[in-house]
Amino acid sequence: MKKLILTTAALALGAGMAMADTIRLGTEGAYAPWNFVNDAGEIDGFERELGDELCKRANLECEWVKNDWDSIIPNLVSGNYDAIIAGMSITDERDEVIDFTQNYTPPDPSAYLAMSEEVDLAGGVIAAQTGTIQAGYIADSGATLVEFANPEETLAAVRSGEADAVLADKSFLAPFTEDGSGLLFVGDEVPLGGGVGMGIRESDGDLKEKFNAAIQSMKDDGSLNELITKWEVSSTF
Amino acid sequence: MHWLFYLSFFKVLLLLAITAPVALGFGFLGAMAARSHFPPLSLLGKGYIAIVRGVPDIAFFMFFVIALDQAFEWTRHKILCPEWTDPIRQGNDFIVCQAAKLPLGTAPEWVHETYGFFLAVITFSIVFGAFAANVLFGGMRAVPHAQLETAEAYGMTRRQTFWRILVPQMWVYALPGLSNLWMVLIKATPLLFLLGIEDIVYWARELGGFKNPKFTQYPHGDWRMWYFLALLVFYLGMTRISEIGLERLMRRLSHGQATSGGELLRKETTA
Amino acid sequence: MSCIQTIQDYGLRSLGIGERLLPRNDFTLCEQFTLIGSGMIWNIYFGIMALATGFFLATALALGKASTNKWLRKPAEWFIFLFRGSPLFIQFFFAYFLFLSLKQTFPFLDALTSAWLGALIVLFFNTAAYSGEIFYGALRSIPKGDIEAADAYGMTGWSRFRRIVWPTMLRLAWPAYTNEAIFLFHATTLVFFSAFPVWQQRGDALYYAGYFADKTFNPFIPYPILAFYFILLTLVVIWGFGVVNKRLNRHLPVAKRTKMKLRLNLAR
């Protein structure tokens with residue numbers, strides 16, 4: 001009996017090995033233009049195209065998985081998917097828990113968005129999404145931080161006057177300056193984080209190397225810059 | 001894309017339909033354990049009821065799904081890969097062999113989604129099972145003691161008394177509590193998105209949220225208000241239907257019971 | 001840094017007293033216990049205030065629903081149905097939208113969008129509806145003999161209500177009302193979670209638990225701490241309501257008192 005179990009285990013293991021090239025990519029799906037759900041209900045955006053291309057170059061079969069932002073790292077370390085590709089800035093505290101590939105966008109500035117030029121960014125009320133690097137930055141800066149559960153509500157707060165301004169990735173905010181509701185960028189840009197990279201489990205060195213190589217090759221032949229320009233997510237390399 | 005929104009209503013209904021009996025099962029086991037004359041078992045039953053009832057369901061949902069998933073994979077890992085020598089916990093990482101992964105890494109996407117749904121059902125059932133256990137425990141104790149004594153006098157064993165006398169009679173006493181629990185369960189479903197299920201609240205936020213013309217053919221402003229209004233109507237409707245259904249059930253169960261409700265029914269039919 | 005120091009720095013952080021910056025790295029168990037405990041202040045505040053105010057509205061609603069006058073009965077019925085029939089989550093969402101637009105028209109209603117008042121109002125309505133239904137059920141099951149006895153003593157109107165109907169109603173409703181109180185305390189965790197923004201990182205227990213889970217990426221420590229606090233709180237609530245229950249029942253013979261207990265938790 002024991003032998004039987006062992007063989008099936010070996011079989012299952014063998015099957016796992018043969019197909020181990022299937023990699024699950026976790027993303028949030030609510031952060032246009034990085035990643036979002038399009039009209040057809042599919043994940044779309046800069047990272048969708050980038051991820052598919054990287055997988056092709058690294059010879060991996062990739063599947064997309066949506067996961068809530070709050071639990072995106074716990075689910076990675078718990079093995080529910082193999083990589084995070086969700087506009088995640090490389091920060092020290094995240095780096096303690098997971099590994100990052102090299103960045104696939106240069107450090108992207110964050111920016112303040114407000115309804116008028118004359119807001120007090122140093123001492124006013126600034127909105128941010130709970131648990132982002134921007135929230136941490138505002139808490140340190142001395143301004144009054146007001147946190148909302150999702151990015152949508154931070155913008156609603158600025159429109160309604162609850163908050164004087166919102167601090168978020170500039171590329172995320174940029175489309176809202178053009179929608180005719182009077183929102184505009186104010187103050188200086190704030191450099192935060194070390195660019196955006198893919199999050200990989202610390203024990204998964206192989207996968208990290210594969211993606212590192214793929215990102216490098218896209219950097220070298222200029223196709224990464226093309227993608228960045230196409231989706232207007234950040235400056236180019 | 002909107003069909004996903006409609007689908008999510010179906011998901012919620014499906015979850016309710018599966019969770020209710022499973023939670024009742026957990027509740028029954030919990031109540032039986034709490035009644036047990038074997039102290040560790042009774043302690044286990046009472047502990048389950050007290051602890052799970054004492055914690056807000058959100059707090060439970062925040063970590064329980066991952067814990068459950070890891071527990072399953074850990075068990076499978078121990079059984080399927082006994083020759084594996086690397087530690088499962090490496091720093092922050094939780095690593096099991098490929099064969100122990102749930103679902104298998106090679107499984108298609110729908111299996112993953114079904115598995116996620118299954119975890120949500122289990123989590124909901126454990127939480128609401130504790131409430132159900134509490135209600136059933138009360139229901140069992142509310143059955144008039146004379147009934148049990150009579151059974152004993154007829155020479156029934158404890159087991160026979162339990163299954164033939166206590167269980168059939170306890171439902172009528174437990175039903176008000178259980179129907180209340182059903183209502184609470186319906187209203188707990190907006191928290192499903194915490195368990196990683198794309199439920200109606202998730203889609204109401206996603207579809208209702210500001211849509212930039214750049215990324216969609218149907219741009220619009222902040223419409224969440226209207227989507228949530230639809231949810232409100234859905235929930236009020238569910239509540240109303242449940243109220244009517246449970247009222248009927250209560251009438252049927254009260255039939256021939258030694259309660260004031262049963263008495264009322266008797267009078268109605270004889271008058 | 002010793003734990004006492006941490007408690008001094010962060011014990012009242014949820015009210016904005018003490019250290020302004022939350023811990024950023026090397027999180028200790030002590031810090032997690034202190035901050036999550038500090039957040040409990042809000043949960044307790046919401047729970048107690050909503051219960052204390054909701055109690056009176058609940059009594060009024062129960063009387064309204066039991067009334068023979070259509071103009072009293074219908075509004076009470078609808079109020080109870082609306083708040084019992086919809087998830088608190090959605091009530092918070094609508095309330096916040098409503099308060100926001102009210103505030104824009106009437107600037108003096110400024111406080112409505114902050115959690116301490118706005119969320120309290122929603123919880124107040126919510127618990128009033130639930131308790132109202134419980135009280136209504138109890139009102140209907142007051143033994144006919146009690147009312148007849150009151151009539152025989154010549155009691156009418158207010159004095160009959162205050163001395164006979166109301167105490168009996170409370171006595172019958174108390175076990176279910178205890179349950180409602182427990183649920184209400186649990187419901188307070190939704191305040192900052194879904195609806196109201198957190199100002200200057202002054203949040204409730206769930207907010208801080210979420211903060212730590214987010215920084216340490218390990219949900220298995222902060223959330224169980226939160227659970228621990230709530231189990232404690234639940235025990236205190238059960239104990240407190242038990243004391244009142246004893247007082248409500250002190251005139252009854254002992255055998256009957258224990259019987260009351262059996263009915264505990266049959267209905268929310």
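Reply: The disulfide of C:C3 and C:C30 is right-handed, because the torsion about its S-S bond is about 95°. Its sulfur atoms lie 2.0 Å apart; a disulfide here is a pair of cysteine sulfur atoms within 2.5 Å. This is a predicted model, in which local features need pLDDT of at least 70 and side-chain atom pairs count only at pLDDT 80 or more, while totals for chains, interfaces and linings use all residues. Residues are numbered from 1 along each chain as its sequence is written, chains are lettered from A and ligands numbered from 1 in the order in which they are written, and side-chain values use heavy atoms, with hydrogens and water left out.

The C:C3 and C:C30 pair links distant parts of the chain, 27 residues apart. C:C3 sits in helix α1 (residues 3-10) of chain C, and C:C30 in helix α2 (residues 29-66) of chain C; helices are DSSP runs (H or I, at least four residues), numbered from the N terminus. C:C3 is partly exposed because its relative accessible area is 37%, whereas C:C30, at 16%, counts as buried. Buried means under 20% relative accessible area, exposed over 50%, and partly exposed in between (1.4 Å probe, protein chains only).

Over all chains, the structure holds two disulfides. A:C55 and A:C62 also form one, with their sulfur atoms 1.8 Å apart. The torsion about the S-S bond of A:C55 and A:C62 is about -85°, so that disulfide is left-handed. A:C55 has 3% relative accessibility and therefore counts as buried.

Notes. Helices (H or I, at least four residues) and strands (E, at least two) are DSSP runs, numbered from the N terminus.
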